[in-house]
Amino acid sequence: MAKNMREKTARIAENKDRRPRAIAKHVRISPYKVRAVLDIIRGKSYVQAVAILENTPKSSSEPIKKVLMSAAANAENNLGMNKDNLFVAACYADQGPTLKRVMPRAQGRAFRILKRTSHITIVLDAKA
């Protein structure tokens, strides 16, 4: 059984995604709001995506820009890629842990407030 597990882990490591990526976790913006901006930059070149994010008046554009620039830096420093040849291959926002807060209401009741967080992932790739 141990031999099969070793072979399986070797296969997984062999097929591991080697594209540059960056992940920001526990960002205090709802994933729904982040996805709206990610849909705009998906498939765009790196330079074009940065320009779009700088001119987008959404609160989620700033953390997305940071993640995008981090992924480009990873590509340049770790994999020796050129920033001008990169494009956004995949980007998505998953839901992180939800902070649960209480808002006092009338007659001693309490309503729950859900402060959502998100994990933003951006994967870049080189143009062919």
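**Salt bridges, core and surface of a predicted model**

At a relative accessibility of 27%, Lys83 counts as partly exposed. In this talk, buried means under 20% relative accessible area, exposed means over 50%, and partly exposed is what falls in between, with a 1.4 Å probe and protein chains only. Residues are numbered from 1 along each chain as its sequence is written, and side-chain values use heavy atoms, with hydrogens and water left out.

I begin with Lys83 because this partly exposed residue has a charged partner: Lys83 forms a salt bridge with Glu76, with the closest N and O atoms 3.8 Å apart. By salt bridge I mean a side-chain nitrogen of Lys or Arg within 4 Å of a carboxyl oxygen of Asp or Glu. Glu76 is also partly exposed, at 38% relative accessibility.

How many salt bridges does the structure hold? There are three. Another joins the side chains of Asp39 and Arg42, at 2.8 Å from N to O; Arg42 is partly exposed, with a relative accessible area of 38%. The side chains of Glu54 and Lys65 also meet in a salt bridge, at 3.2 Å from N to O. That pair links distant parts of the chain, since Glu54 lies in helix α3 (residues 46-54) and Lys65 in helix α4 (residues 61-79), eleven residues apart. The helices I name (H or I, at least four residues) and the strands (E, at least two) are DSSP runs, numbered from the N terminus. Lys65 is partly exposed, at 23% relative accessibility.

I turn now to the interior. In soluble globular proteins, nonpolar side chains tend to be buried together. The largest nonpolar core of this model has 25 residues, and those with the most contacts inside it are Ile41, Ile64, Leu68, Ile122 and Leu124. Which elements each supply at least two residues of this core? They are β1 (21-27), α2 (31-41), α3, α4, β2 (86-95) and β5 (118-126). Helix α4 gives the most, with six residues. A nonpolar core here is a set of buried Ala, Val, Leu, Ile, Met, Phe, Trp, Tyr and Cys residues joined through side-chain atoms within 4.5 Å.

Just after α4, Gly80 takes a positive phi of about 70°.

His26, in strand β1, has a phi near 60° and is exposed, at 51% relative accessibility. Gln107, in the loop between β3 and β4 (110-115), has a positive phi of about 60° and is exposed, at 71% relative accessibility.

Next come contacts, meaning heavy atoms within 4.5 Å; I leave aside neighbours up to four places away in sequence. Leu124 touches a set of residues that includes Leu68, Ala71 and Ala72. Phe87 is among the partners of Leu124. Phe87 lies in strand β2 and is partly exposed, with a relative accessible area of 23%. The contacts of Phe87 include Gly43, Lys44, Ser45 and Tyr46. Phe87 and Leu99 are twelve residues apart in sequence and 34 Å apart in space, C-alpha to C-alpha.

Finally, the surface. Met103, Phe111 and Ile113 form a nonpolar patch with about 260 Å² of accessible area together. Met103, found in strand β3 (residues 99-104), is partly exposed, with a relative accessible area of 39%. Patches are made of residues with over 30% relative accessible area and no salt bridge, like charges being joined within 9 Å and nonpolar side chains (Val, Leu, Ile, Met, Phe, Trp, Tyr) within 5 Å. Accessible areas come from the Shrake-Rupley method with a 1.4 Å probe, and for residues only the protein chains shown count as cover.

Methods:
This is a predicted model: local features need pLDDT of at least 70, side-chain atom pairs count only at pLDDT 80 or more; totals for chains, interfaces and linings use all residues.
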